[in-house]
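Student: Please take one part of this structure and go through it closely. Then show me what else can be said about the parts around it.

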Amino acid sequence: MSELTEQTSVPIKKKAKVEKGFLAATWGIAALLFAFILAPVLAVFVQSFGIGNGGFTFEYYARFFSNPSYFQALFNSVAAGTVSTLIILMIAIPFALYVTRSNTYLSKTYRGIGLLPLVAPPFIFSLALIILFGRRGVVSQWIADFTGIEISIYGFWGVVIAQILGYFPIAYMMIESSMRNMNPSLEHASQDLGAGQGRTIRKVTLPLAGTAILKAGLIVFVMALADFSNPLIIGGGENFLASDAFLLVTGQQNLEMAAVLGVFLVLPSFLVFLFQTYILKDHEVATTTGGANNPLHPKVKAAMFGVSTVMALFIVVMFVMVVMSAFVQIIGINNELTLDHFSDTSGWGFLWNSVIVSFFAALLAAGLGILQGYMTARKNVPMKKLTEFTALFGLAIPGTVMGIGYVLIFNGAPFFLTGTIFLLVMNMAFRKIGVGLEAGISKMQQLDVSLEEASSDLGSGPYHTFRRVVAPLLTPAFMAGFVYTFMTSMVSVSSVIFLISPGTNLAAPYILNLADQAAVGRASAMSFILIVIVLACMGLLKLIERRSGTSV
Amino acid sequence: MEKMKKWIVGLASVLVLSACGSSGDNTVTMYTHNDEEEMQSFASAVEEETGVNIDVLRMSSEEAWSRIDSEYPDVNADMMWGMLHSFALVAEEEDMLEPYESDTWDDVPDEFKDPDGQWYGWSYWFNAVAINEDLLDELGLDRPESWEDLLDPQYEGEIVLPDPGTSGTAFLFVSTLMQEMGEDEAWDYLDELDNNVGQYSQSGSAPAQMTSQGEYAIGITWDQAIFDRMEEGYPIDIMIPEEGVGFDLDVAWIFQDADNQEAAEEVIDFIGTDEGMELAAEYRSMVTKPDVEGTIDFEPNLIDYDAVWAAENRERIMNEWQEKFD
């Protein structure tokens, strides 16, 4: 297969001339990528040296190192990220093993539960955790009654637990898909040669999934490092990088210091990104699907099942807490059923804004991403590497940094874009355009060039071929990019919180604001509606997809 | 594929149409530090009475100020309803406000409004301490009666205080101390209080809520935040420290070059009407119109708070705070 593509792609490469339309599209996309991804990050970098506010200076960096609270923020963020990542991996691996290696109704349910946190704003777990484990939370009370130990969830460990719940699905998804696609005959071979199940998992399965696990770990680490909302709600005043940067901007208008924190947020993400794109890429283990996965030995299975069950229950309890506190007066104090929390007129408007912004962001991200993917894979367009790099880098940039960058560039003259729906759409779209791009490239690599050649031999021009032959084939990739962007945009806060204004407020930042006023019932009610809307939209997409006969 | 295209185009056009349709011409954009709940009730009353639709963004006072200051002269809002008096004075000084003479405010005493109509004080509020008595009993702690009492080591970790970096409530508290004790004494007090503070919250209303939920026994906050929670049935009580508390005028204003100046003026007019003031009085202890009774039924021990001093010294105090406590 690969040889074939190699051979057939040669003539296309020789035909170095690229159609004007695709060339224009390339320049257009490159300009947008520059304006909406690179420029904001560069602006943060420049600002951190005080340029734009009266000359070049290291003063803000000096302050970063001399003020213990900033250093504490760096330490806390890195430490929380590391601990969360390790624990997530320790849970995600058995969880994925269990789900991929048993085919019961329960394991399918677990699969769904494992992904559930994706549809909720990342900080609702903080809320649920406070309800349960706050200083007088339901569970804390029991513990205090029985053991006399007072626990408090506020602070470092609260943030870690909230992160584990929030970022688990990302790691789980990646590890699961790698384990699902693993060739079972390798495990068979190992066991036929006399290795027990445990040994097989250690020596065959895990190494095969190694790249996926490493990748998952790195992505989760970067996300946890950039976590902004959990420290705000459950951090109990502890310093963390992203939330401190946010407070520096919103509370003190100290953009320079915030930019310095931003640089410390971007650097690790950037390194991880480089490592992942240029070093891990070549180590991808070829996987083939060859029948069902190897079933697990009962004892091993029991262990995996145990870990998975604890995690699944934990996630379910969190969601139940949110739903319950949405429907009772004051959870834990006055458990009378009520719908009061839903009579939130402005909240409904913000939800609607979120749907509109996320929809267009998803359309843009998936559309442009796919187009760029096609051109990267097939056309000899200029700046290929650079544009691909930028689009993928967009995925790795912490939202807080993007948000601050957007404020620096688009606030005031000459753009006057802050507070517009347009800027919100661009922000969300370009943070996720890499997903559409990757989906597009990988789809194009699977498609044989001969289809396009046939079309062009039969007399179709290149644009006609793209429209009639390539675009339909890319539809699944488009859908994948669309769904992902839509879902993540609906619940994202860290970047758009800098860009909203009266009239363009969004649901997720609004819920964060409610949580910040400690209005738990109303925050839960809004979260509940948000979750229902995201699930309904996904259902709608599935329906469209079934009607039109394409698959995601 | 064709079908799918149609679906998507159809969906997109529906969304575009509704997005354009939803924002009418008679919309005024607004920043506020009022809590969501009261602000929503205000907004629907305005819409009913004047037909003006309000788009509002709620932030803590300091956040709102920081935003205004960085956006000026292109502030992303037409007006402000609910902000600290001190900020009105700073904004006036920096020429950010549009004067407007509103007739409905005629019978409001002059001390509550700017002579040129640059800002209007519609209500006032004061610092107060929320106390969860159940929790005090459970923990075996005495009920504090004064600011001084809060320094008692028995309350270690049981006090929640908003962060003056974001919250106007906290700034009022800090500058009250400064005006009452003198600056050095006040810093010493805050230093000592810091030992007992379990958490600094971002919003000034949050301590009332956290105390209500029993997360902390004592919350330093403002009057109405406590009354609201009491009304909702939370087991808390309000405590006015013996030394007295600072109060602040809550103001409304129109920004210069507002996109919809006319609608903003209508809103200012509405706030000054009897209806507007009576509505405000449902949510605030005291409003500025004589004869309209607020929610309070006792005499709070208010000090003679100097908002001008607070405005002039705010930046310096804040910087010192950050160096000491952040």
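Tutor: Start with helix α15 of chain A, whose buried residues are M304(A), F305(A), S308(A), M311(A), A312(A), I315(A), M318(A), F319(A), M321(A), V322(A), S325(A) and A326(A). A residue is called buried when 20 or more other C-beta atoms lie within 10 Å of its own, exposed when there are 12 or fewer, and partly exposed in between, with the C-beta atoms placed from the backbone. An α-helix has 3.6 residues a turn, so residues three or four places apart point the same way.

The model is a predicted one: local features need pLDDT of at least 70, side-chain atom pairs count only at pLDDT 80 or more, and totals for chains, interfaces and linings use all residues. Residues are numbered from 1 along each chain as its sequence is written, while chains are lettered from A and ligands numbered from 1 in the order in which they are written. The pLDDT is the predictor's confidence in each residue, from 0 to 100. Chain A has an average of 85, and 93% of its residues score at least 70.

Helix α15(A) runs over residues 298-327, and its 30 residues should span 44 Å at 1.5 Å a residue; the end C-alpha atoms are 41 Å apart, which agrees. The expected span is 1.5 Å times one less than the number of residues. Helices are DSSP runs of H or I with at least four residues, strands are runs of E with at least two, and both are numbered from the N terminus.

Now take helix α16(A). It has 34 residues and reaches 50 Å from its first C-alpha to its last, close to the 50 Å expected. Of those 34 residues, 27 are buried, which leaves α16(A) mostly covered.

Next comes the nonpolar core, a set of buried Ala, Val, Leu, Ile, Met, Phe, Trp, Tyr and Cys residues joined through C-beta atoms within 7 Å. The largest such core has 276 residues, and I175(A) and M79(B) touch the most other members. Helix α16(A) supplies the largest share of this core, 19 residues. Two residues are in contact if their C-beta atoms, placed from the backbone, lie within 7 Å. Beyond four places in sequence, I175(A) is in contact with A92(A), I93(A), A96(A), A209(A), A212(A), I213(A) and A216(A).

Between them, 25 residues of domain 1 are in contact with 24 residues of domain 2. On the domain 1 side, α18 (399-410), α21, α22 and α23 of chain A each supply at least two residues. Helix α23(A) gives the most to that side, with 12 residues. By class, the domain 1 side divides into 17 nonpolar, six polar and two charged residues. Here Ala, Val, Leu, Ile, Met, Phe, Trp, Tyr, Cys and Pro count as nonpolar, Asp, Glu, Lys and Arg as charged, and the others, Gly among them, as polar.

What does the contact between the chains take from each? It takes 43 residues from chain A and 48 residues from chain B. On the side of chain A, α13 (241-252), α16 (345-378), α21 (462-491), α22 (507-516) and α23 (520-548) each supply at least two residues. The largest share of that side, five residues, comes from α16(A). That side has 16 nonpolar, 23 polar and four charged residues.

V204(A) counts as partly exposed because it has 19 C-beta neighbours inside 10 Å. Beyond four places in sequence, V204(A) is in contact with L186(A), E187(A) and S190(A).

One stretch calls for caution. Over residues 1-14 of chain A, pLDDT stays under 50, and the model has eight contacts beyond four places in sequence for them. Where pLDDT is low, the predicted coordinates should not be read in detail.
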